[in-house]
Amino acid sequence: MNWAHIHLAVNHVPVILVPVAVALLAFAVVRKSADVSTVSLGLFVIAAVFGGGVFLTGEPAEEVVEDLPGISESAIETHEEAAEAAALTTGLAGLLAVAAIVVGRGRQAPIWLLGTTLVVGLGAAGMMAGAANLGGRIHHPEILSGGATGSGGN
């Protein structure tokens, strides 16, 4: 297992957890559920920790793949810039979630704090999806526009 493999394996955690946390937090706010709110906030924190791990494994992963045939340095740089913004936004959502957990202390945190976390989390979800898509374009020709168009048995 090398850094590229680790990076690819770990990056799925925040890409999946952030949208799940957003959906749960929206549900918690509508239902005024402190329990669901706490779960969703915990998911934001976990996603932020993993997002940091994904970001930290990015540079070593680049070192593994940058000289392979068919790898575009510009695709790596575009992904890297998007990933940095996504990691920072996910980290901010995680920090807001920690603040909401501390302020709430078993009750539902103030609606303004939950709403802010929700908005930042929604932005992080979009940014994570975009960064993941750009990362896939580095070495997955099947997702590029005009990429492989096999018959697929049709």
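In which crossing, left-handed or right-handed, does α3 pass α5? The crossing is left-handed. By that I mean the near helix is turned anticlockwise from the far one by less than a right angle; clockwise would be right-handed.

Some ground rules. This is a predicted model, so local features need pLDDT of at least 70 and side-chain atom pairs count only at pLDDT 80 or more, while totals for chains, interfaces and linings use all residues. Residues are numbered from 1 along each chain as its sequence is written, and side-chain values use heavy atoms, with hydrogens and water left out.

Now the overall picture. The protein has five helices and zero strands. Helices here are DSSP runs of H or I, at least four residues; strands are runs of E, at least two; numbering starts at the N terminus. The C-alpha atoms fill a box of roughly 55 × 40 × 25 Å along the principal axes. Of the 154 residues, 34% are buried. Buried means under 20% relative accessible area, exposed over 50%, partly exposed in between, with a 1.4 Å probe and protein chains only.

Back to the pair. Helix α3 covers residues 34-65 and helix α5 residues 111-139. They pack at about 40°, axes 12 Å apart. Axes are lines fitted to C-alpha atoms over the stretch in contact, and angles run from 0 to 180 degrees between N-to-C directions. That makes α3 oblique to α5. Under 35 degrees would be roughly parallel, over 145 roughly antiparallel, 65 to 115 roughly perpendicular; the rest is oblique.

Who touches whom? Ser37, Leu41, Phe44 and Gly51 in α3 meet Leu114, Thr117, Gly121 and Met128 in α5. Contact means heavy atoms within 4.5 Å.

Look at Thr117, in helix α5. Thr117 is buried, at 0% relative accessible area. Beyond neighbours within four places in sequence, Thr117 contacts Leu25, Leu41, Phe44, Ala93, Leu96 and Ala97.

Other buried residues of α5 include Val120, Ala124 and Ile138. The buried residues of α5 pack against α2 (12-31), α3 and α4 (73-104).

One last stop: the loop between α2 and α3, where Lys32 sits. Phi of Lys32 is near 55°, a positive value in a residue other than glycine. Lys32 counts as exposed because its relative accessibility is 67%.

That's it from me.
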